[in-house]
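Please walk me through this structure, taking its surface, its pocket and its salt bridges in turn.

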Amino acid sequence: MNQDLDADLVAGALQVSIGLLRRRLRQTQADGELTLPETAALARLDRSGPATSSALAKLEQISPQSMGATLGALESRGLVQRRPDPEDGRRVVISLTTSGRQALQKRRTARTEQLAQALSTGFSKEELGQLMAAAPLLERLAQSI
């Protein structure tokens with residue numbers, strides 16, 4: 001088997017398995033929990049700092065209208081705040097509030113606990129070691145795309 005065929009097989013297998021894992025994690029959203037777009041907006045603000053609504057929409061590859069609705073919902077829950085842009089008072093920047101950071105951390109913790117529960121009940125020590133060894137590779141793969 002040549003190197004290209006191996007890479008194609010791995011790519012296909014990863015696409016299926018990672019896609020399934022993501023869908024399953026999304027399907028287990030609890031009532032009142034952050035939606036996927038809300039989580040993405042909060043995570044982007046957490047990583048990158050304050051930004052305009054249009055910049056967030058562009059980074060998340062969604063329409064400005066969709067981002068506006070998402071930010072409106074987050075603002076009504078006190079998870080983000082709007083302030084005049086210090087560099088251009090005509091623009092408004094969105095920033096994460098302390099409550100927003102806590103909500104994001106709560107979601108991350110819940111997902112980690114969900115994965116830990118599944119791992120502890122359905123995988124052997126050897127399999128856990130294999131998954132741990134694969135984690136940095138998956139991260140490197142994500143960064144190279």
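**Surface, pocket and salt bridges**

Ile-18, Leu-138, Leu-141 and Ile-145 make a nonpolar surface patch of about 370 Å². Patches consist of residues with over 30% relative accessible area and no salt bridge, with like charges joined within 9 Å and nonpolar side chains (Val, Leu, Ile, Met, Phe, Trp, Tyr) within 5 Å. Accessible areas come from the Shrake-Rupley method with a 1.4 Å probe, and for residues only the protein chains shown count as cover. This is a predicted model, in which local features need pLDDT of at least 70 and side-chain atom pairs count only at pLDDT 80 or more, while totals for chains, interfaces and linings use all residues. Residues are numbered from 1 along each chain as its sequence is written, and side-chain values use heavy atoms, with hydrogens and water left out.

Leu-138 sits in helix α6 (residues 125-144); helices are DSSP runs of H or I, at least four residues, numbered from the N terminus. Leu-138 counts as partly exposed because its relative accessibility is 37%, where buried means under 20%, exposed over 50%, and partly exposed in between (1.4 Å probe, protein chains only).

The largest pocket has a volume of about 2000 Å³. On a 1 Å grid over the protein atoms alone, a pocket is an open set of points where a 1.4 Å probe fits, with protein on both sides within 12 Å along at least five of seven lines; lining residues have an atom within 4 Å of a point. Grid points are joined across faces, edges and corners, and the volume is the space filled by probe spheres set on them. Of the 42 lining residues, Ile-18, Leu-21, Arg-22, Leu-25 and Leu-115 lie nearest the centre of the pocket. Helix α1 gives the largest share of the lining, 13 residues.

The structure holds nine salt bridges, each a side-chain nitrogen of Lys or Arg within 4 Å of a carboxyl oxygen of Asp or Glu. One of them joins the side chains of Arg-111 and Glu-33 at 3.0 Å, N to O. Arg-111 is in helix α5 and Glu-33 in the loop between α1 and α2, so this pair ties together parts 78 residues apart in sequence. Arg-111 is buried, with a relative accessible area of 13%.

Another salt bridge pairs Asp-46 with Arg-101 (3.3 Å, N to O). Asp-46 lies in helix α2 and Arg-101 in helix α5, so parts 55 residues apart in sequence are tied together. Salt bridges that share partners also join Glu-33, Arg-107 and Arg-111 into one network.

Definitions and conventions. Helix = DSSP H or I, 4+ residues; strand = E, 2+ residues; numbered from the N terminus.
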